[in-house]
Amino acid sequence: MAEFGDAFGAAVGLVLSGDQELGEIVTLSIQVSFAAVALATVIGIPVAALLTVCRFPGRTIAIAALNTLMGLPPVVVGLAVYLVLSRAGPLGELGLLFTPTAMVIAQTLLITPIVAAIAHRVLEDHLVEYGEQFRAFRMNRRQQATTLAFEARFALITAVLAGFGRAVAEVGAVMIVGGNIDGVTRVMTTAIALETSKGDLALALGLGIVLLALALAANALAFAVRSLASRWADGPSEREQLR
Amino acid sequence: MIRSIQRTISSVFAVLFLISTAAQAADRHIVVASTTSTANSGLFDVILPMFTAKSGIEVRVVAVGTGQAIRLARNGDADVLFVHHKPSEEAFVADGFGIKRFDVMYNDFVLVGPSTDPSGVAKAGSLKAALDAVATGGAPFASRGDDSGTHKREKSLWSEAGITQKNTWYRETGSGMGATLNIAAGMGAYSLTDRATWLAFENKADLKILFEGDSKLFNQYGIIAVSPDKFPHVRIDDAQVFVDWVISAEGQSAIAAYKRAGEQLFFPNAKP
């Protein structure tokens with residue numbers, strides 16, 4: 001159990017020392033996960049909005065499939081992306097294997113279903129509220145989808161955060177397609193796996209604490225943005241009502 | 001809404017572009033597929049900066065088991081292969097994937113286990129007797145089970161010792177050397193490890209070396225540049241510069257100079 005004490009010591013020591021290598025690893029973790037979350041949001045939320053407002057045969061199956069894909073094992077995604085990006089694979093010409101771009105691709109595949117599935121649930125709830133107005137205004141499906149997504153934008157932050165949490169914490173996919181190359185594709189999670197295999201458990205756990213702190217900071221930031229933005233958005237209309 | 005989506009998409013591509021340019025900042029680089037023992041022991045952390053300072057070529061190491069490293073190189077995903085299983089390495093060259101194999105360095109495998117030694121391995125007078133003791137002693141043995149160089153060697157040691165019955169005492173971890181040692185330390189199991197990983201490993205707990213020194217435990221490392229005939233995209237010029245440096249007097253003395261806790265981990269034996 002001495003490891004936990006040592007781990008906190010290691011975490012504090014790492015952060016205070018301003019270790020340049022740690023800085024690079026943390027920066028790359030954030031860059032890769034942010035890019036993946038941004039892509040997953042751009043793809044996932046329109047998909048979720050269309051699934052919510054459109055009625056077509058096989059829609060239930062599509063929703064069930066989306067929910068199933070939330071549980072995609074990262075290692076399987078990593079392996080699939082490896083086979084595609086490998087020089088022996090169909091996109092080998094691009095030379096993307098063992099680059100951060102490959103990691104972004106793998107994480108995007110991994111978290112898009114998560115963002116879409118959670119966003120779908122959020123939007124279903126909003127549709128109950130807005131459905132009648134949509135019919136009253138005779139909006140088409142596309143207008144309904146955009147309006148719904150816009151009205152639910154603050155609630156959708158939950159979906160984005162869930163995607164970020166998964167991306168920043170997963171190790172299986174980025175290990176395979178990134179290769180954990182020092183200074184090029186090493187991120188927080190692969191560094192933790194490496195230190196564990198070297199038997200330096202205190203340092204591994206210390207890095208884990210830094211990773212947790214990072215996730216906490218991202219959540220706090222999202223919360224702050226959400227409450228500030230919703231206050232700003234609601235503000236003028238409330239004043240108008242008073243007038 | 002549409003405009004904001006467009007904005008988001010363009011900013012995403014801006015981020016992707018930034019990341020990819022950052023990654024390509026050093027345009028002279030090679031990918032070396034190697035084993036966990038060379039990377040985890042800290043050897044590469046010491047010798048690679050020397051090579052990069054001299055040549056201007058960045059070396060990107062993908063450290064996996066020997067079996068996986070060879071598969072990466074066979075798919076054309078590495079420029080140099082630096083592993084430790086001579087028969088597989090020779091097959092790699094014979095199949096046309098590599099140009100030429102060079103010996104680089106050696107150390108040895110050691111049999112580790114709990115210091116109480118319940119199976120009495122330390123008393124064994126020969127390697128066969130030590131393996132027999134593990135097989136009949138009842139205490140668990142943690143095998144890599146991952147087709148790595150160490151796993152391949154371990155399997156041939158069992159078959160040479162005539163031990164084919166592996167039941168409950170034999171546990172395949174399917175993991176790297178360090179992870180396997182963590183498991184062995186946790187369950188009080190015996191295990192076979194290369195000496196470099198062992199010396200650099202920091203979670204030995206109750207484990208210690210119980211058998212060593214047999215000539216069958218010799219562990220040779222080799223280096224091969226991947227053939228441009230098979231894969232025209234490999235950076236053969238820079239790869240050759242790296243191979244030449246590793247087997248040069250300078251590279252060899254850098255390997256010899258690397259020590260952990262006062263002990264030399266790898267013994268250079270290249271014949272240029």
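**Exercise 1. Which residues have the most contacts inside the largest nonpolar core?**

Solution. The largest nonpolar core has 143 residues. Those with the most contacts inside it are A:Ala106, A:Val177, B:Val80 and B:Leu81. Such a core is a set of buried Ala, Val, Leu, Ile, Met, Phe, Trp, Tyr and Cys residues joined through C-beta atoms within 7 Å. Buried means that 20 or more other C-beta atoms lie within 10 Å of the residue's own; 12 or fewer is exposed, in between is partly exposed, and C-beta atoms are placed from the backbone. In chain B, this core draws at least three residues from each of domain 1 (28–107 + 219–268) and domain 2 (108–217).

Conventions. This is a predicted model, where local features need pLDDT of at least 70, side-chain atom pairs count only at pLDDT 80 or more, and totals for chains, interfaces and linings use all residues. Residues are numbered from 1 along each chain as its sequence is written, with chains lettered from A and ligands numbered from 1 in the order in which they are written.

**Exercise 2. Describe helix 4 of chain A and find what covers its buried residues.**

Solution. Start with length. Helix 4 covers residues 74–85, twelve residues, and reaches 16 Å from its first C-alpha to its last. That is close to the 16 Å expected at 1.5 Å a residue; the expected span is 1.5 Å times one less than the number of residues. Helices (H or I, at least four residues) and strands (E, at least two) are DSSP runs, numbered from the N terminus.

Next, burial. The buried residues of helix 4 are A:Pro74, A:Val77, A:Gly78, A:Val81, A:Tyr82 and A:Leu85. Seen down the helix axis, they fall within an arc of 135°, so they line one face. The arc is that of the directions from the axis to the C-beta atoms.

Last, the cover. It includes helix 5 (100–136) and helix 8 (172–178) of chain A. Now take A:Val177. Not counting residues up to four places away in sequence, A:Val177 touches A:Gly78, A:Val81, A:Tyr82 and A:Leu85, and also A:Leu97, A:Ala102, A:Met103 and A:Ala106. Contact means C-beta atoms, placed from the backbone, within 7 Å.

**Exercise 3. Summarise the fold of chain A and its contact with chain B.**

Solution. Chain A has ten helices and zero strands. Its C-alpha atoms fill a box of roughly 65 × 50 × 35 Å along the principal axes. Of its 243 residues, 44% are buried. Among contacts between residues at least 6 apart in sequence, 79% join residues at least 24 apart.

The contact takes 28 residues from chain A and 30 residues from chain B. On chain A's side, helix 2 (20–53), helix 5, helix 6 (141–151) and helix 9 (188–197) each supply at least two residues. Helix 2 gives the largest share, six residues. By type, the side divides into 14 nonpolar, ten polar and four charged. Here Ala, Val, Leu, Ile, Met, Phe, Trp, Tyr, Cys and Pro count as nonpolar, Asp, Glu, Lys and Arg as charged, and the others, Gly among them, as polar.

Methods
Contact = placed C-beta atoms within 7 Å. Domains from an automatic or database assignment.
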